[in-house]
Amino acid sequence: QVQLVESGGGLVQTGGSLRLSCAASGRTLNGYTMGWFRQAPGKEREFVAAIGYSGRSKYYADSVEGRFTISRDNAKNTVYLQMNSLKPEDTGVYYCAADLSSVQTMGRYGVDYWGKGTLVTVSS
């Protein structure tokens, strides 16, 4: 089994930056697409970004394109989400996920592994 543990969330001001990390334990995630989702209070969980197992393929939601960068270090079994120019609408619980899918279809057919989330709050 795989356990995903997110870290790096916190409270930042509008325009600030945060770097989220997701560490996997139990087994390596080679071959898995890794992704980030978020959920604001009262809203559905939404896709944020995904990265293929090689790290070459990346895909972002339109709302974060140009501001967020996803990366991974397979040697460390860790995926990152660098978030810049944060806006209040970025507020939510951010979840790490792993799935055997393309970056474009991440989560569409069901995520194999979910983290428990880390809270990001952006104040205006």
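Reader: Is Asn77 buried or exposed?
Author: Asn77 counts as buried, because its relative accessibility is 14% and the cut-off for buried is under 20%. Note that this is a predicted model.

Reader: Where does Asn77 sit in the chain?
Author: Asn77 is in the loop between strand E7 (68–73) and strand E8 (78–83).

Reader: And what is Asn77 in contact with, leaving aside its neighbours within four places in sequence?
Author: Cys22, Ala23, Ala24, Arg27, Thr28 and Leu29. With Leu29 there is also a polar approach: a polar atom of the Asn77 side chain lies 3.1 Å from the backbone nitrogen of Leu29.

Reader: How many cavities of 30 Å³ or more does a search of the whole structure find?
Author: One. The largest cavity holds about 30 Å³ of space.

Reader: Which residues line the largest cavity?
Author: Asn77 and Leu29 again, along with Met34, Arg72, Asn74, Thr78 and Val79. That lining divides into three nonpolar residues, three polar and one charged.

Reader: New topic. How many aromatic pairs are there?
Author: The count is five. One of them is Tyr95 with Trp114, which is edge-to-face because the ring planes stand at 85 degrees, with the centres 6.3 Å apart. Tyr95 belongs to strand E9 (residues 92–99) and Trp114 to strand E10 (residues 113–114), so the pair ties together parts 19 residues apart in sequence.

Reader: Is Trp114 buried, partly exposed or exposed?
Author: Partly exposed, since its relative accessibility is 36%. Tyr95, at 13%, is buried.

How values were computed: Residues are numbered from 1 along each chain as its sequence is written. This is a predicted model: local features need pLDDT of at least 70, side-chain atom pairs count only at pLDDT 80 or more; totals for chains, interfaces and linings use all residues. Side-chain values use heavy atoms; hydrogens and water are left out. On a 1 Å grid over the protein atoms alone, a cavity is a set of points where a 1.4 Å probe fits but cannot get out, and a pocket is an open set with protein on both sides within 12 Å along at least five of seven lines; lining residues have an atom within 4 Å of a point. Grid points are joined across faces, edges and corners, and a volume is the space filled by probe spheres set on the points. Ala, Val, Leu, Ile, Met, Phe, Trp, Tyr, Cys and Pro count as nonpolar, Asp, Glu, Lys and Arg as charged, and the others, Gly among them, as polar. Helices (H or I, at least four residues) and strands (E, at least two) are DSSP runs, numbered from the N terminus. Buried means under 20% relative accessible area, exposed over 50%, partly exposed in between (1.4 Å probe, protein chains only). A polar contact is a pair of N or O atoms within 3.5 Å; within protein, one must be able to donate a hydrogen and the other to accept it, and residues adjacent in sequence count only if both atoms are side-chain atoms. Contact means heavy atoms within 4.5 Å. Rings of Phe, Tyr and Trp (its six-membered ring) pair if their centres lie within 6.5 Å; planes under 30 degrees apart count as stacked, over 60 as edge-to-face and the rest as tilted.
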